[in-house]
Amino acid sequence: MFKLFSGNSQRKKVSLLDSDDDDSASSSSTSRSDLVLAQGIEDVQLDKESSLDQALDALYEKRGTTRERALSSIIEAFSSNLQHLFVEKKFATLLHQCLNSIKRGSAKEASLACHAIGLLALTVGHGDNAHEILEESVPPISQALKSSSESLKISWLLECLAIVTFIGANDPEETERSMQIMWQLLHPKLGSNVVARKPSAEVITAVVSAWSFLLTTMDGWKLNPKNWQGSISYFSSLLDKDDRSVRIAAGEALALIFEVGSLEKFFIEPKGPSDSSIHEENIHREGFTHMRGLKGKILNQVRNLSVEAGGKGSVKKDLNSQRNSFRDILEFLEGGYCPETSMKIGGDSLNTSTWSQLIQLNFLKHFLRGGFVKHMQENEFLHEVFGFTPKRKHLSGSEHHLSSGEKRMYKSPNSVVNKARTQLLNKQRMLSQGRNAGHYAVGLGDEEL
């Protein structure tokens with residue numbers, strides 16, 4: 001972005017305003033400068049839009065490497081700036097060309113297309129367009145996940161599915177649908193002619209991270225228990241794996257499950273005939289005992305991982321990351337204290353105080369990569385997600401110049417952004433009422449589930 005005034009020029013402007021001499025001349029000169037600068041910004045915007053048009057046209061080319069370069073250009077443009085005007089004109093075209101790349105392109109092209117679709121969803125924010133992205137993307141992504149064997153491509157497909165669902169889902173059923181698609185990579189429903197593939201550590205980590213990211217948007221009471229029974233036991237088994245990224249992802253998933261609550265939705269109750277109320281009572285008691293035992297096992301696993309010594313060939317940075325993560329998880333499981341984090345975005349602090357917020361922040365930061373700071377500073381959707389209000393940079397002391405398309409998108413009471421803001425705030429309010437009604441203590445020694 002353009003830095004219009006240095007500290008000296010700002011002080012000079014103030015002194016001119018305080019003086020009665022040459023007031024009109026100063027004002028006229030400043031106005032002309034502002035017009036020139038504004039025109040320069042318009043020219044840059046037009047140049048960028050023209051480059052995006054060329055990149056979009058290149059997605060029709062037959063040569064795969066040409067399409068890959070075009071997608072890289074689109075990703076760079078959408079990461080470095082919020083392309084609202086381009087999206088207003090070319091939203092559908094860009095979406096469907098990227099979906100074509102997922103269906104027919106190489107692994108690299110499909111991965112780039114996934115990144116581009118996720119950035120497109122983050123740019124449009126919550127609303128009808130985001131829901132269209134979700135509905136159009138689920139079938140080709142689901143099919144690609146079933147047929148692909150390359151870990152990098154699978155990871156990008158999962159990240160894309162997570163992002164478009166996070167933004168575009170209108171109800172819990174749509175979110176759980178995407179979570180189930182992810183889950184089936186680890187627990188496939190096998191037919192007579194289907195051979196199960198053992199997922200790599202990279203794929204396991206990607207599935208668990210994407211699944212957890214979507215769980216942050218769910219109210220525990222609305223989860224379908226048939227979908228997730230046994231997940232706590234599965235995540236506990238992942239804590240014993242050799243790969244540290246798998247362990248950390250599983251540990252954070254478990255912390256999130258305990259934070260979300262409704263633990264009975266995530267573990268398998270003993271089964272038996274329910275021919276009497278006494279028998280049902282025994283089943284419930286056995287389930288309670290099983291859950292307490294599983295909690296105790298997880299607590300021991302987490303405690304051991306928080307102090308694990310480095311073995312031969314161990315990378316110190318990875319080991320420290322694991323220790324720090326599991327110390328936070330241990331403190332939460334024992335006392336109910338969530339890790340509090342703070343990071344600087346420009347001159348502003350972005351704070352998290354729950355596992356849900358921390359998981360959302362880390363996932364979006366990873367997905368946006370070099371575009372994270374830019375989007376956190378200017379993306380209205382992300383401001384609403386994190387309750388983050390950055391200091392606004394003004395153009396010559398006045399409001400930042402908006403194109404007509406951006407004005408319609410942001411200023412109109414009936415705009416997509418304002419409607420999305422209302423929907424998102426209502427959703428967050430409902431979730432916070434359920435989660436914040438009391439302390440987050442999960443007390444693994446407590447008598448209640």
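A residue is called buried here when its relative accessible area is under 20%, exposed when that area is over 50%, and partly exposed in between, as judged with a 1.4 Å probe and protein chains only. By that rule Glu109, at 2% relative accessibility, counts as buried.

The structure is a predicted model, in which local features need pLDDT of at least 70 and side-chain atom pairs count only at pLDDT 80 or more, while totals for chains, interfaces and linings use all residues. Residues are numbered from 1 along each chain as its sequence is written, and side-chain values use heavy atoms, with hydrogens and water left out.

## The chain as a whole

The secondary structure of the chain comes to 19 helices and two strands, where helices (H or I, at least four residues) and strands (E, at least two) are DSSP runs numbered from the N terminus. Of the 449 residues of the chain, 47% count as buried. Among contacts (heavy atoms within 4.5 Å) between residues at least 6 apart in sequence, 72% join residues at least 24 apart.

The largest nonpolar core has 114 residues, and Trp211, Leu215 and Phe235 touch the most other members; such a core is a set of buried Ala, Val, Leu, Ile, Met, Phe, Trp, Tyr and Cys residues joined through side-chain atoms within 4.5 Å. Leaving out residues up to four places away in sequence, Phe235 touches Trp183, Val208, Trp211, Ala250, Ala253, Leu254 and Ile257.

## Helix H5

Helix H5 covers residues 107-124, and its 18 residues should span 26 Å at 1.5 Å a residue, which agrees with its end C-alpha atoms being 26 Å apart; the expected span is 1.5 Å times one less than the number of residues. Because 17 of the 18 residues of H5 are buried, the helix is largely enclosed by the rest of the structure. Just after H5, Gly125 takes a positive phi of about 70°.

Glu109, found in H5, touches Gly64, Arg67, Glu68, Leu71 and Ser101 when residues up to four places away in sequence are not counted. Ala121 also has its place in helix H5 and, at 1% relative accessibility, counts as buried. Apart from neighbours within four places in sequence, Ala121 is in contact with Ile133, Val164 and Ile167. Ala121 and Ile163 are 42 residues apart in sequence, and their C-alpha atoms are 7.5 Å apart in space.

## Salt bridges

The structure holds nine salt bridges, each being a side-chain nitrogen of Lys or Arg within 4 Å of a carboxyl oxygen of Asp or Glu. Among them are the pairs in this table.

| Pair | Distance between closest N and O atoms |
|---|---|
| Glu135 and Arg177 | 2.9 Å |
| Arg244 and Glu308 | 3.6 Å |
| Asp348 and Lys391 | 3.1 Å |

The salt bridge of Glu135 with Arg177 ties together parts that are 42 residues apart in sequence, because Glu135 lies in helix H6 (residues 128-147) and Arg177 in helix H8 (residues 172-186). Glu135 is partly exposed, with a relative accessible area of 32%, and Arg177 is partly exposed as well, at 29%.

Arg244 forms its salt bridge with Glu308 between distant parts of the chain, since Arg244 is in helix H12 (residues 244-260) and Glu308 in the loop between helix H13 (277-306) and helix H14 (316-335), 64 residues apart. Arg244 is buried, with a relative accessible area of 18%, whereas Glu308 is partly exposed at 23% relative accessibility. Arg244, Arg247 and Glu308 are linked in a network of salt bridges.In the salt bridge of Asp348 with Lys391, Asp348 lies in strand S2 (residues 348-352) and Lys391 in the loop between helix H17 (380-386) and helix H18 (404-410), so the pair ties together parts that are 43 residues apart in sequence. Asp348 is buried, with a relative accessible area of 9%, whereas Lys391 is exposed, with a relative accessible area of 62%.

## The second largest pocket

On a 1 Å grid over the protein atoms alone, a pocket is an open set of points where a 1.4 Å probe fits, with protein on both sides within 12 Å along at least five of seven lines, and lining residues have an atom within 4 Å of a point. About 710 Å³ of space lies in the second largest pocket, the volume being the space filled by probe spheres set on the points, which are joined across faces, edges and corners.

This pocket is lined by 27 residues, of which Thr205, Ser209, Ala249, Glu252 and Asn362 lie nearest its centre. Helix H7 (151-168), helix H9 (201-215), H12, H14 and helix H15 (355-368) each supply at least two residues of the lining, and H9 gives the most, with seven residues.
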